[in-house]
Amino acid sequence: MEIGTNNNDFSDMPPELKAEMKEVSQSRRDFMKVTGMAAMGAVIAGCTAEDRHVKPLIKKPEGITPGVAYNYASTCQGCSANCGTLMKVRDGRPIKLEGNAISPINGTGLCATGQAQLWTLYNPDRLHSPTKGGEPVEWSDIDAAAKAVAGGAVLLTGTINGPCANSVINKFKAKGGRHVSYDAVSCYAIAKAHGQTHGTPVIPGYYFDQATTVFSFDADFLGAWISPVGFARDWATRRDLKFGRDGKDMSRLVSFEARMSLTGANADERVRIKDSERGAVLMDLAKRLGGDLGAVGKHSVPEADMARLAEELKQAGRRALVITGSLDVNEQLVANWINNKLGAYGTTLDLRRPSRQKLGDDDALAQLIKDMSAGSVKTLIVWGVNPVYDLPNGAAFKEAMGKVANTIAISSHADETASECQWIAAEDDPLETWNDFEPVQGIFSLAQPGIRRLWNTRSGFASLLKWIGDPDGNKDYREVLKAFWEANLPRGMNWTQAVEQGTGGASGDVRGDHPGFNNAAMGAARDAGKVESATLEVVTYESYNLRDGRHATNGWLQEMADPMSRISWTNVAFMSPATMKAQGVDEGDMVELSVEGASCKVPANRQPGMADGVVAVSLGYGRTKAGPIVHGRGVEEDAVDPDLLDEGIHAIGGNAFPFIGAKSVSLSATGRTIRLAKVSTHDSQEDRPILKQTSLEQWKKNPKSGNEHEIPPVDITLWPRWDYKGHKWGMVVDLNSCIGCSACQVACSIENNVPVVGKEEVWYRREMHWIRVDTYYEDNDGSKFDGKKTEDINPEVGFQPMMCQHCDNAPCETVCPVIATSHSDEGLNVQAYNRCIGTRYCANNCPYKVRRFNWFRYENLNLTMNLVLNPDIVVRSRGVMEKCSMCAQRIYDGKREAALHDTKIVDGAITPACAQTCPTDAITFGDLNDSEHKVAKLLKDPRNYAVLAEINTRPGVTYLTKVRNRPAKESELKLTANDHGHDH
Amino acid sequence: MNAKLAILFFLLTIGFAMPILLGVRSVPDIQLPNLHTDYQPEQPIAYSHRLHAGVLDIDCQYCHTGADKGRHATLPNVQTCMNCHATAKGRTDSAKAEIGKLQLAMQDKNQDGQPDGVSWKRVHNNADFVYFNHQTHVRIAKFIDDSGNIVDGIDCVQCHGDMTTAGVAKQQEQLTMGFCINCHRTQNDRHVTANLPALAPVNSCDACHR
């Protein structure tokens, strides 16, 4: 259903507005009466200002000024990557997270999930105190109960990689405890395979900055795989064509996958294979590289392509990197063999400095479930994981828990698992507590609190130490951590420095011999190609926002649209157009996917470029005990599956965890169709040069290639030509670096108090994001893209961040009747919210569709949630237009800082939130009037262009052509040929 | 229907005409905090600016320490008061009583077991949608007076009036947009003339509205 098809009776109207309309029409007379009375009342009472109070501190902490923000180094715990962060803390509360520039893991970048961790901290639905059977209890109660049973207990956790953290675990084990760890999205097969081939069961360090050719088999390293921010950053260094780079060492990415992943969308070549073919393709590649590992199974990749791709790998040699996210150890063995054959170990991947980001042991977990079922586990302590939800056999786990006499959870939420436990020890949020990490062997990272505990919670380590009767249990965990690190810090570094820097450790080249390859291990690999295929295969993957589901309560992440489909507030069953047709379902049709023993309901959605006969569902959705998402405005009611809501369960999307490892799936339509909250329903550029692109080959010949055709603007304007005497702020977005991860979008929302509006409102195209990432598909044969076409197509995908373009000839400024939007002396298009009367003329006249209107009061109605607001930015009220300000508050902070030190504003001194968090440095901000600023140089890059330049808006935001490392397409060659025709 | 309309019209007329009927004088009584000149609330401690800033000639920033560091000028912590008042306990009975309140503020415990402090009433309030930064004006800005002399920082008096003669703090200027922008414009012109463009005050909306 489209907007406008059925609106004669306001049935499309959001419930809030409908209720309001009703109220007004029913009692219009009362309304008028009240208005009149109010006006009188105001006069008679003679309003005076209400007294406002200021209460200064008794004693000012040294070096802290109220109203000034300070940064504290910490570590992100949003996923297993453990990126280094800086918490911006103002008046005792963290209001923004950013990457810690000195972190060897992620640098200044942080992903959308990392950015959004503040929501988790202030979420009012966190546990406020320890509970027993859902009722609040005292800490002394739970401690007494746990102490009695903690000896010999089983502790189930996620990856714990910190040295001090592990020392606590070891103390627990020394008291007869058993520790089992697992990762909801497992990489155990990689470690296991390396145990067999290299004798060291670890996940290697991957060096994408060293690789000239990357072959990825379902390893979504730009999306969510192991350490996506660091991987994306490293990978992008070899893709960068800015500042005179010649592109000779530009890497090539080939992605073999069934679904359409972020990695696939950014690949120079996508090879569509079903998961069941992956082993065979790997075996085939190995064979072509001279390996005799066994019979090669059948697969659908044409012979010519296989020969070419194998040759490409051979050419790259030790600069090649073959990765796979497969859960099958045999397939991992083949990948290891190929990497070893090419000599890549020691260059693009290294076992001497392995990743410690996923240390889970699936075998130990399987054994634990067996033991639990057999009744041999007396006490189970579940800490920080949610196995009832995120294990493929979660139901079996829940059943097995029934046979455990004592169950205790250490958790910040009463989630699916914790609510099944007898006791819950309410845990601090990661932003409230101390912790340490070793994400990569030799690289250490500390986490410190950015705020005093909001509720009656406790560090999980403190709980554990107390329960095993350790003397450290009576101390604050900070003291334990400090004592540990003071004894273990590198020479020349003290505790204060370590906390200040947050992260550090090994750097430079790894020394020592790389472990050798054990060919004898390859016997098992014989089975890699022998996976049975099914008519409809199911693919599960970690979602880009909710990850493994632990962020399901996060409004910012729920509203962040999936980069590929642009759908928010649910996961969907992705299928290729042909598969959709074959299954007889259409977009939005609720389908039930079933494997043996489990099923889930999700809406179907078309995804061009997927392998046929495959249905892909993302993990992390379908949480049944995640609680309400957003308080007030009924957002959660809009966002959940109505079937489940009838049963009182607030679940968004369907849980795909039971499908992990399943091959065959059956699909049946439920007969119900739901509305998908898509932020963009148009995939095609309609042959207009909005996202310009070219091939590396063409670009090397002509750096302006792909950008030749500019329709010259008709230079007529109502405005005087602006004369920027001082600064002229501007931004350049490198489309070649942008991977579409949407970190910028979430960072912007947090920095600028952009509200979460909920599914219903998104469906009305009323999302409030100041920056969005547009996804454009292009047919591989050069014809106009049509997402509904069922013919076999393998489209190319491009991402384009789109925010206010800060036009010199701004169409919005021309039409505002109250001059609420105007031009600043420094080239910004500024919006004075208090002046805006909400005519929406400006949004109507904006060709970039970047202005957002507050249809309702979107403020948080919950006081705790309000703590997240940035005090340097107004919270806009209903009826007001808003849009990107290029982070005016940061510009003024930068200017003030420069003036304070009597210096000019150097390049990089001011970075808007989007540019700051971008893992690949795709966004560059600066002063276009200062030739020393990078952005001024990029303005002269032959790849630079303005979107819709022909309408003479003269934007302050420009883009750089996307360059793909693949042979030129015929359509592109034709363009260039035409251009030369014009020139001569 | 007609009767209903008539009632409605009557009510509306009454509603909107009331201010006029009651006389123009009553209209300025509807005070926004930023326009509230002569606002001089009774403070929890009878503190005299005239005595401290005038007679004793204590610098404004001895107490308002944030003025050159950040957005807020800040009020002094009780400890700052005690720097002097640990020994200066007052000569008259009333002074002794007032100074004694400081001692109490450090002793009285609130529900968290923390000393309760002094809850002052805030005299100068900007509109909620205005961003004003004290540091920019006090420490960074240059003020160019009528005769072209360049002075470091804007004198507190420009906005707050002369506190050395004020006694209990009182709002003396209406903090309207006109009040701000008049100075911004004049100073901007003078900065351009004096060839100090980098420090010229900004006249664009985003200088204060974000």
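On the side of α11(A) turned away from its buried face sit the exposed residues Glu303(A), Ala304(A), Ala307(A), Arg308(A), Glu311(A) and Gln315(A). The model is predicted, so local features need pLDDT of at least 70 and side-chain atom pairs pLDDT 80 or more, while totals for chains, interfaces and linings use all residues. Residues are numbered from 1 along each chain as its sequence is written, and chains are lettered from A and ligands numbered from 1 in the order in which they are written.

**Exercise 1. Find the buried side of α11(A) and what it packs against.**

Step 1. Helices (H or I, at least four residues) and strands (E, at least two) are DSSP runs, numbered from the N terminus. A residue is buried if 20 or more other C-beta atoms lie within 10 Å of its own, exposed if 12 or fewer, and partly exposed in between; C-beta atoms are placed from the backbone.

Step 2. Pick out the buried residues. They are Leu309(A), Leu313(A) and Ala316(A). Seen down the axis of α11(A), the buried residues fall within an arc of 65°, so they line one face of the helix. The arc is taken over the directions from the helix axis to the C-beta atoms. The general rule: an α-helix has 3.6 residues a turn, so residues three or four places apart point the same way.

Step 3. List the partners. The buried residues of α11(A) pack against β10 (213–217), β11 (252–257), α10 (275–288), β13 (320–324) and α12 (329–342) of chain A. Contact means C-beta atoms, placed from the backbone, within 7 Å.

**Exercise 2. Check the length of α11(A) and see what follows the helix.**

Step 1. The helix covers residues 303–316 of chain A, 14 residues. The expected span is 1.5 Å times one less than the number of residues.

Step 2. That gives 20 Å, and the end C-alpha atoms are 20 Å apart, which agrees.

Step 3. Gly317(A) comes after α11(A), with a positive phi near 55°.

**Exercise 3. Work out the strand order of the sheet and the place of β10(A).**

Step 1. The sheet is open, has 4 strands in the order β12-β11-β10-β13 (chain A), and pairs in parallel. Strands pair if DSSP finds at least two bridges between them. The edge strands, β12 (269–272) and β13 of chain A, each pair on one side only.

Step 2. Phe215(A) stands opposite Val322(A) in β13(A) and opposite Val254(A) in β11(A). Ser216(A) has Ile323(A) as its bridge partner in β13(A).

Step 3. Check cover. In β10(A), 5 of 5 residues are buried. Thr213(A), Phe215(A) and Phe217(A) lie on one side, Val214(A) and Ser216(A) on the other. In a regular strand the side chains alternate between the two faces of the sheet.

Step 4. Place the helix. α11(A) lies across β10, β11, β12 and β13 of chain A, at about 130° to β10(A). Axes are lines fitted to C-alpha atoms, for helices over the stretch in contact; angles run from 0 to 180 degrees between N-to-C directions.

**Exercise 4. Describe how domain 3 of chain A meets domain 5 of chain A.**

Step 1. The domain assignment of chain A includes domain 3 (204–353) and domain 5 (693–983). Bounds come from an automatic or database domain assignment.

Step 2. Their centres, taken over C-alpha atoms, are 33 Å apart. In contact are 20 residues of domain 3 and 21 residues of domain 5 of chain A.

Step 3. On the domain 3 side, α8 (228–237), α9 (262–266) and β12 of chain A give two or more residues each. α8(A) gives the most, with 4 residues.

Note on methods. Two residues are in contact if their C-beta atoms, placed from the backbone, lie within 7 Å.
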